[in-house]
Amino acid sequence: MTELAARVRRRMASDPVALDEAVRAASGGIVDDAVLAGLRRSVEAELVGAGPLEPLLALPGVTDVLVNAADSVWVDRGQGLERAVAEFADDDAVRRLAQRLAVAAGRRLDDAAPFVDAVLPDGTRLHAVLPPITARPTLSLRVLARERFDLPALQARGAMSAQVAGVLAAAVSARLALLITGGTGSGKTTLLGALLGLVPPDERIVVIEDAAELVIGHEHVVRLGTRVANVEGGGAVGLPDLVRQALRMRPDRIVVGEFRGAEFADLVIALNTGHEGGAATMHANSAADVPARCLALGALAGLGGDAVTSLVSAGFDLVVQLRRDRRGRTVSELGLVTDHGGRLVVRPVWSGGEGRGDGADDLAVRLRSRGVPPPELLR
């Protein structure tokens, strides 16, 4: 198909005609409508789509498509990585596709700028690296979530038990601030979207993201998105800027798609100024690792350890840790955020391995103080 696409490209360059006519001419003459439609779709994927990756991106449940080299393509459909039946003609074809996608995202990818991290117009996240900083051109595509899940749907998929879902629903109802943590691809964004669907319809949710990944079943959602600098180096809008703007938009709940840097300080400060019920996601290996991650992000924002401990313990209530393995994505831990003698600590509320923890009673007290009866897991 690469050869046919090249012939079509040359044909249209020398004699601008309709794509159907160019495909028909490049394919050798007369073809019936069904064959023409198939050829047209393939050529479009090659010229303006994702080429050999286009069918993989359309697979149900796919979250990632990874190209390690021309003959090494992998996909993740929720059960871990698997080899894909797709390949490129050579590494130059991978390079050309990566560069074309980068241009579609308004970015540059060449020898002078050999890597790119960008968002495509359809919301797909693009990352690509070219030699000489890698042996062969590599390409990673994170697919935008297409399906909206609620808590019962996640339960049916084995992501959590009914008891854990009860705790999460109670936390949303009580306007507790949630920090959803886990590794890459563990389902943080999916769970956050499901929980935001539980927010009462008369509350305004302001969502701040690098890319519009959250799929939320709610009537009143305002989305703010970051913007990279233009070729002159101006016009950039970062997450810290958007958090500050969100505070002026009369939000009932402020949500940050993912903590990565200085925006951490802006949101935890906002959560200490009367904006209850906020939420964010963050990478962490376990609930016990969350304090260290918060301290590190606070340091990036110029906050000392005491300030981070004070702000996070007062601003966040519940850590929800997710785990990803061969069986899928599951809630593995719940933890209560506390200040313990001047140290930021996440006390175990529940874990899949050990059951109910010593923070469960205090979480029940916190829910009662907000007028929400503790669910079964906390009684």
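Contact here means heavy atoms within 4.5 Å, while helices (H or I, at least four residues) and strands (E, at least two) are DSSP runs numbered from the N terminus. This is a predicted model, where local features need pLDDT of at least 70 and side-chain atom pairs count only at pLDDT 80 or more, though totals for chains, interfaces and linings use all residues. Numbering starts from 1 along each chain as its sequence is written, and side-chain values use heavy atoms, with hydrogens and water left out.

Let's start with helix α9 (residues 239-246): Leu239, Leu242, Val243 and Ala246 are buried there (under 20% relative accessible area, 1.4 Å probe, protein chains only). They sit on the same side of α9 because they cover an arc of only 105° around the axis, going by the directions from the helix axis to the C-beta atoms. Here's what covers them, among other elements:

| Element | Residues |
|---|---|
| β8 | 205-209 |
| β9 | 221-225 |
| β10 | 253-256 |
| α10 | 263-270 |

On to the sheet. It is open, with nine strands in the order β9-β8-β10-β11-β7-β12-β13-β14-β15 and mixed pairing; two strands pair if DSSP finds at least two bridges between them. The edge strands, β9 and β15 (355-356), each pair on one side only. Strands β13 (residues 328-340) and β14 (residues 343-351) run antiparallel, joined by eight bridges.

Valine 331 is another one to click on: its contacts include Ala159, Met160, Leu191 and Trp350, leaving aside residues up to four places away in sequence.

Notes
Buried < 20%, exposed > 50% of the residue type's maximum accessible area, 1.4 Å probe, protein only.
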